[in-house]
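Look at the model below, and keep it open as you read.

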Amino acid sequence: MARNAGRDAEQKPMAGGEAKLHSPLGLLAELTHRCPLGCPYCSNPLALDPRSEELDTQTWARVFKEAAGLGVLQIHLSGGEPGARRDLVEITAAAHACGLYTNLITSAVGITAATLHKLAECGLDHVQISIQDSEEKSADHIAGYQGAFARKRALAATVVDLKIPLTVNAVMHRANIDHLEDMVALALALGASRVEIAHAQYYGWALKNRSALMPTEEQVRRAAATVEELRRKHHGEIVIDAVVPDYHARLPKPCVGGWGRRSLNVTPSGKVLPCHAAESIPGLEFWSVREHALADIWAHSPAFKAFRGTDWMREPCLSCARRDIDFGGCRCQAFALTGDARATDPVCHLAPGHDIVQRLAAVQDDVPYAYRRQ
Amino acid sequence: MNEAASVIAPDARPRLPRGVRLVHNEAQGGWVLLAPERVFKADAISVEVLKRCTGEATFAAIIDDLATAFKAPRERIQADVTTMLRGLADKRLLEL
């Protein structure tokens, strides 16, 4: 059985030499940017959508129906904190009714056991709960919320009681990376079937806090070795997903599976983005679900067309053997670090700007976090 | 991997747990296995195996059924299906 599914259902090359249009697999539904926590590594943009601009229940239901029609298989209910929406149960039911796989991505703060029971009844398929550290005081400090740790433990227990699969998401950075083994132990103790060792990526609030978050090369090396050991030790008990953190890598990540290729993101106010950081690239025109059908946006939105396929690439990406594997890395990161969204992601060792990343990876500042607040 | 780990008890009742779904999707061109934050493309043989993993049929009965359906030697089917199901179980995508 092959990994990374999604055969290209639509093979037609569009008129005018446009890039081949794939069918998206996943939709990230940012239901709200409200969140009680203030994690300094949050990937939400600095300019958070106000509550007054949030899409209503019916609009989300329509978006899900259109997503299913487009071939989307999985909806990731996220935010901010999706539990902040009073209509979370109705929203989840609407996604389930379209036959979509529903994944709730939550801090656990804002979701009661009673709500989780109702979500289970509505067919919720999976829950992902974040943990900020293995120890309570540190975890609450990183989250900027006292009591978060306890709430996560409690909700995890309910998820497991309901027999919904649980993934623990652990964003790793300088303050907790040395506790990796303990964090995996915690994930196991919580009954998770998967743990994501999600090294911080520098967008939005994480970019603002980069030097406070950046691990040292030695820490990253040790973390990688620990992950390998733990995978051997816990084989068959828990799946440990981990990727080398960008700034310490030689090859770039295939960001979002390629621009406008496998996933899309709908913001709380209804803007559709090829990725959660796309608004950081100047000159892109984004369309809203308030004005366009999702299929129209996917195929024709200028923002989606901007870097779809490979025609936009320059050297060394254009003739690179890995061109269709990592798509030149991340556009948003290329822009953030070089000022040019078409540049090779400087994470790539072949990028002319690779030394930028190497320099930044060596910057560790023990400064207070700028907590994510609306 | 030791011998015991690669054997599935004949009376085991394999089933896809909650949160792992085998679905047919036109737009994606066929059968897919939906799992926590990943999607697997399921080829025709995988589909025949997974369709039978309902928690009702025993592993032995599933193998018998497949051997008949594919007109193939039982030992061969058992070996291949054991590898496949063990792989999924190791990823917590199947209960045995």
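## A tour of the model

A:K163 lies in the loop between α5 (148–161) and β5 of chain A. The model is a predicted one. A:K163 has a positive phi of about 60°, although A:K163 is not a glycine. Is A:K163 buried or exposed? A:K163 has 11 C-beta neighbours inside 10 Å, so it counts as exposed.

A:A108 also has a positive phi, near 80°, and is a residue other than glycine. A:A108 sits in the loop between β3 (101–106) and α3 (113–121) of chain A. A:A108 is buried because 25 other C-beta atoms lie within 10 Å.

One more backbone spot belongs here. The peptide bond between A:E315 and A:P316 is cis, with omega about 5°. A:P316 is part of the loop between α11 (302–306) and α12 (323–326) of chain A.

### The sheet of chain A

How many strands form the open sheet of chain A? There are nine. Their order is β7-β6-β5-β4-β3-β2-β1-β8-β9, and the pairing is mixed. At the edges are β7 (239–242) and β9 (272–273) of chain A, each of which pairs on one side only.

Start with strand β1 (residues 26–30) of chain A. Five of the five residues of β1(A) are buried, so this strand is mostly covered. Both of its faces are covered. A:G26, A:L28 and A:E30 are buried on one side. A:L27 and A:A29 are buried on the other. From β1(A), the chain crosses through helix α1 (residues 57–70) of chain A to β2(A). This β-α-β crossover is right-handed.

β1(A) runs parallel to strand β2 (residues 74–78) of chain A, and five bridges join them. In β2(A), A:I75 is the bridge partner of A:L27, and A:H76 stands opposite A:L28. β1(A) also runs parallel to strand β8 (residues 263–266) of chain A, over four bridges. There, A:G26 stands opposite A:S263.

Now move to strand β6 (residues 194–199) of chain A. A:N169 stands opposite A:E196 in β6(A). β5(A), helix α6 (residues 180–189) of chain A and β6(A) make up a β-α-β unit, and this unit is right-handed. β6(A) also pairs with β7(A), in the parallel sense. Four bridges hold that pairing, and A:I197 stands opposite A:A242 in β7(A).

| Strand pair | Bridges | Direction |
|---|---|---|
| β1(A) and β2(A) | five | parallel |
| β1(A) and β8(A) | four | parallel |
| β6(A) and β7(A) | four | parallel |

### The nonpolar core

The largest nonpolar core has 133 residues. Which of them touch the most other members? They are A:F64, A:A67, A:L100, A:V195, A:A206 and A:I240. Take A:A206 as an example. Leaving aside neighbours within four places in sequence, A:A206 is in contact with A:Y41, A:C42, A:S43, A:A200, A:Q201 and A:L213.

Five bridges join β1(B) to β2(B).

Where do the two chains meet? In chain B, 22 residues are in contact with 26 residues of chain A. β1 (21–25), β2 (30–35) and β3 (38–41) of chain B each supply at least two residues of the side that touches chain A. The residues on that side of chain B divide into eight nonpolar, six polar and eight charged.

Definitions and conventions:
Residues numbered from 1 in each chain as written. Chains lettered and ligands numbered in written order. Predicted model: local features only at pLDDT ≥ 70, side-chain atom pairs only at ≥ 80, totals over all residues. Pairing = 2+ DSSP bridges. Core = buried A, V, L, I, M, F, W, Y, C linked by C-beta atoms within 7 Å. Buried ≥ 20, exposed ≤ 12 C-beta atoms within 10 Å, placed from the backbone. Contact = placed C-beta atoms within 7 Å. Right-handed = clockwise from strand over helix to strand, strands pointing away. Nonpolar A, V, L, I, M, F, W, Y, C, P; charged D, E, K, R; others polar.
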